[in-house]
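Here's a quick briefing to read with the structure open. Have a look around first, then go through the points below.

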Amino acid sequence: MSPVRRCSRTACGRPAVATLTYVYADSTAVLGPLATYAEPHCYDLCAEHSERLTAPRGWDVVRLTDGSAPSRPSGDDLEALANAVREAARPHDRAAQAGGSGPGSGGSGGGNGTGETRRGHLRVLRSPDS
């Protein structure tokens, strides 16, 4: 017998990375990190099957993470990054016309009266309470 637990799905021999448990009273499927030992009413799943897991109609899926794996960036994170890159690539002339501080308007740390400090292409906004 192999010490590595395998995926419970039929015809899948990949190593298990997560454990699936059904809470019938709450109509919930709970997918968490691999349990320390095999339970008779739980299902061990490989990475592919745990990512593609769907629950019956009307059921909720709760995905628990153990915090050791790096989280994947969400769509909002990627969109914010893309917007920041676009903003950084903007010519300084357009920023000056829009009311921002241009390259010659106050040096590297000069403010414009709104609590905004400009350093290169980055802006530092002061909080209203400081």
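**Strands, core and aromatics**

The hairpin of S1 and S2 has 4 residues between its strands, and Ser27 there takes a positive phi near 50°. Keep in mind that this is a predicted model.

**Strand pairing**
- S1 and S2 run antiparallel, with 6 bridges joining them.
- Across that pairing, Leu20 sits opposite Leu31 in S2.
- S1 also pairs with strand S3 (residues 43-45), again antiparallel, over 3 bridges.
- Ala18 has Leu45 as its bridge partner in S3.

**Nonpolar core**
- The largest nonpolar core has 9 residues: Cys7, Cys12, Ala18, Leu20, Ala29, Leu31, Leu45, Cys46 and Leu53.
- At least two residues of this core come from each of strand S1 (18-23) and strand S2 (28-33).
- Setting aside neighbours within four places in sequence, Cys46 touches Cys7, Cys12, Arg14, Pro15, Ala16 and Val17.

**Aromatic cluster**
- Tyr22, Tyr24, Tyr43 and Trp59 form one aromatic cluster, and the count of aromatic pairs comes to 4.
- Tyr22 and Trp59 have ring centres 5.9 Å apart and planes at 85°, so this pair is edge-to-face.
- That pair links distant parts of the chain, 37 residues apart: Tyr22 is in strand S1, while Trp59 is in the loop between helix H1 (47-51) and strand S4 (60-63).
- With 27% relative accessibility, Tyr22 counts as partly exposed; Trp59, at 22%, also counts as partly exposed.
- Tyr24 is at 61% relative accessibility, so it counts as exposed.

Technical notes
Residues are numbered from 1 along each chain as its sequence is written. This is a predicted model: local features need pLDDT of at least 70, side-chain atom pairs count only at pLDDT 80 or more; totals for chains, interfaces and linings use all residues. Side-chain values use heavy atoms; hydrogens and water are left out. A nonpolar core is a set of buried Ala, Val, Leu, Ile, Met, Phe, Trp, Tyr and Cys residues joined through side-chain atoms within 4.5 Å. Buried means under 20% relative accessible area, exposed over 50%, partly exposed in between (1.4 Å probe, protein chains only). Contact means heavy atoms within 4.5 Å. Two strands pair if DSSP finds at least two bridges between them. Rings of Phe, Tyr and Trp (its six-membered ring) pair if their centres lie within 6.5 Å; planes under 30 degrees apart count as stacked, over 60 as edge-to-face and the rest as tilted.
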